[in-house]
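Subject: Structure for your files, with notes

Dear colleague,

I am handing over the structure below, followed by notes on what was found in it. Please read the notes with the model open beside them.

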Amino acid sequence: MLAADRVSLCSSMEQLPVLEELEETIIPTYGTVPGQQALSMPQWAEFNLKPDSLYFNDGQRRIDFVLVYGDGSKKEHPKKSFQKKQKRKRQAYESNLINRGLQLEATRSVLDEKLTFVKVHAPWEVLCTYAEIMHIKLPLKPNDLKTRESALSWIRRLFSVDENIIKPEQEFFTAPFENDRLSDFYIQDKDNFFTPATRSRIVYFILCRGEYAVRDNVKKFGINKLLESGIYKAAFPLHDSRFNHRSEEPNCPSERYLLYREWAHPRNILKLQPLDLVRKYYGEKIGIYFAWLGFYTQMLVLAAVVGLGCFLYGYFTKDHCTWSQEVCDSNIGGQIIMCPQCDQECTYWNLTITCESSKIHIRIRDNKRKLCIFDSFGTLVFAVFMGIWVTLFLEFWKRRQAELEYEWDTVEFLEQEEQVRPEYEARCDRVVVNEITQLKLKGVKPTVKRICNIVEDPKKQSLKLVPDPDLLQATEILLILASVIGIIVYRLSVFLVFSATLPRHINGTEAIQKYLTPQAATSISASVISFIIIMILNMIYEKVAIMITDFELPRTQTEYENSLTTKMFLFQFVNYYSSCFYIAFFKVIQFGFVTLFVASFPLAPLLALINNMLEIRVDAWKITTQFRRMVPQKAQDIGAWQPIMQGIAILAVVTNAMIIAFTSDMIPRLVYYWSFSVPPYGSHSTHTMRGYINSTLSVFAVSDFRNKSRPVALPRFANLTTCRYRDFRYPPGHEHQYEHSIYYWHVIAAKLSFIIVMEHIIYFVKFVISYTIPDVSNKTKSKIKREKYLIQTLLHENPLKAMKKNMGSIADKIIKGADGPFRPKYD
């Protein structure tokens, strides 16, 4: 046993005393003898001084799982009866495991005599029995289909792990295991036919259904309940070696060491992941996570390159912005006096104070400036590209996922292998009929939807009220929206406070004065409060989502995880993105996300790429070096995340189109260039951007200020009669003064047209791409057809032919007997 996985075992122990009479009846299942009272106990063994051993002391039986418990008799406890009760439950549980066929060997720790390790081994017969019960797919025959390498496969080999270090896994055609057809499966070595991950999975299946008590007709069972109650301190499969040293056992492959060296180590950051070994060691669920994360990272390379190109385009063309030059021109920007940005406390200001930043800023709106670099024509191109990129990513991932489903034997996992959750099984209180098989199965009575559901509390033998899950979800979402509205109200109210308290002049510190403004103070404080609220609500949502999902009682683990994932995403989507939607449509956006808000920040894919490259290795390092080996679990796909990402892909088109339309100056600039720079609205003879700044700033008469809003004018603005503000309105003295001008309506019409045209073009391209790219490649389809053919031939047609052959020989014997001397005579 490994020092990294468990404490060393003790070298001496005594046989446990005879058990006291049980107060609780054990109801045995899965082959146990009804009415059995004599308890079977684990064998006790001394520590064999082999810390790297993966076997019992006999060196033959492999350790498939380890249970750890503390000896309560070694410490003082106020309730001795409680200790005895816990001990009886543990002994009953272990006896039930032995009655199911598992073999247990107990060894006391040499470092802490209060700890005992119970090693669990599943014999061949138990593995075969439960492999059939669980419909586990096992090898029938080596894959005989020829594979053709693509022309670019040499590039992939440059970034792949050396095959001499991690040998490629041999591919097999597989079928659900059947004990009666054992000879049809590819069994060369019984010890290695079931992989360590499969063995641990089978044992965990038994542990989750092992019963330890029945009280008031309620079954108590499962290792998870025993862990929650503290009867066992831990339950886990063993790592096969230390992560930084090979195992000293001659037959140990030291896969953990290989994973650390060739996968989790930081030097492998540019290498492809050994996904087959990850799946073999940790199971399909962990494998599919890293497969998706790796595929997503690879696809981000193209998005990052295009985004970086758009960013560089905006950066190198920022000096040619006509509107930026007009801001810095003393004859244009120098003559424009802007209106105050708040009532009374704020004063007038000159547009030229933004000259230094105007080369990278394009406009002043809602007291913020947006970078010119991110508001160029390249941003529009990048937004369209990302709308198409998301579709390509999802379609190619479907193909990759189909390949993994076949290679990892999860094509029909949900229909064949996935078992009912023990928690669901324990609550089965009625019989339902399967519509397909017409078999009678145990089911759970559906919960009636109401504000509070009345359910039975078996612990207190009474009824209790449980809030309806839909009501809880609606309440949480309303709480998020309320917090967002609270932040908005906070910004509006605190802005006035900062405007009154912050000094207007800071002698000798003009650089500080530029940033120490009411707007900056309000934004920073609001951001901090928003961050704190998001973190607090996120912790609450996680607990609420788990509680709601537990109450729903999903039938299988996949249904449970999909339900939990959907709730967590819904909560976190509103929680995290609420501020971004607020920013995007009520003030200038600063940062976005890779898909939903990529139009606001083209470098988002590049940052996401860097983050993912680090995250893959950090996650790999953590599960390889810091955690116990997890119980391998099957998973067919990424579950609820697939429809969630498809929904995001559709929503991303809308959000990016609206960001460009409503938070960018691109549409007003185009309208000015093509319509308002030339007659009849403009005075230039040719299409130009000259005069754009002046056209976007409306005129306001100082005399029209109401007394409660009139600003405090500095001496140099004492004779000011008009000021300018950002809007498209008629000037004072016009018959429609201060009403929206024709320029405004042209811009609104152009923005709405842009959204409609952009959405329809991208959605059409997305539809064409989705229709053109099949979800399953022809190569994978051929493999699936070949496997089904072999299953049909080996497991169905061959036994039928043998039966016909036997029946034919019997018929021949009967006919020969009829032609012989004993042939009956008829009168």
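Helices (H or I, at least four residues) and strands (E, at least two) are taken here as DSSP runs, numbered from the N terminus. This is a predicted model, in which local features need pLDDT of at least 70 and side-chain atom pairs count only at pLDDT 80 or more, while totals for chains, interfaces and linings use all residues. Residues are numbered from 1 along each chain as its sequence is written, and side-chain values use heavy atoms, with hydrogens and water left out.

Overall picture

The chain has 24 helices and 19 strands. Of its 827 residues, 45% count as buried, where buried means under 20% relative accessible area, exposed over 50%, and partly exposed in between (1.4 Å probe, protein chains only). The accessible surface of the chain comes to about 44800 Å², 58% of which belongs to carbon and sulfur atoms; these areas come from the Shrake-Rupley method with a 1.4 Å probe, and for residues only the protein chains shown count as cover. Among contacts (heavy atoms within 4.5 Å) with a separation of 6 or more, 72% are between residues 24 or more positions apart.

Salt bridges

With a salt bridge defined as a side-chain nitrogen of Lys or Arg within 4 Å of a carboxyl oxygen of Asp or Glu, the count comes to 18. One of these joins R242 to D52, with the closest N and O atoms 3.0 Å apart. That pair links distant parts of the chain, 190 residues apart, since R242 sits in the loop between β9 (234-236) and α7 (255-264) and D52 in the loop between β1 (43-44) and β2 (65-70). R242 is partly exposed, at a relative accessible area of 25%, whereas D52 is buried at 5%.

K280 and E169 also meet in a salt bridge, at 3.6 Å from N to O. Because K280 lies in helix α8 (residues 275-282) and E169 in the loop between α3 (153-158) and β6 (172-176), this pair ties together parts that are 111 residues apart in sequence.

K622 is partly exposed at 33% relative accessibility, while D619 is buried at 14%.

Nonpolar cores

A nonpolar core is taken as a set of buried Ala, Val, Leu, Ile, Met, Phe, Trp, Tyr and Cys residues joined through side-chain atoms within 4.5 Å. The largest has 45 residues, and those with the most contacts inside it include W263, Y282 and F393. Elements giving two or more residues to this core are α7, α8, α9 (284-316), α12 (377-407), α19 and α20 (641-662), with the largest share, 13 residues, coming from α9. Leaving aside neighbours within four places in sequence, F393 is in contact with W292, F295, Y296, M299 and M645. A second, separate core of 41 residues includes Y69, L140, A175 and C208.

A buried arginine

R62 lies in the loop between β1 and β2 and is buried, with a relative accessible area of 19%. Apart from neighbours within four places in sequence, its contacts are L54, Y55, V120, H121, P196 and R199. The C-alpha atoms of R62 and D191, 129 residues apart along the chain, are separated by 8.9 Å.

With best wishes
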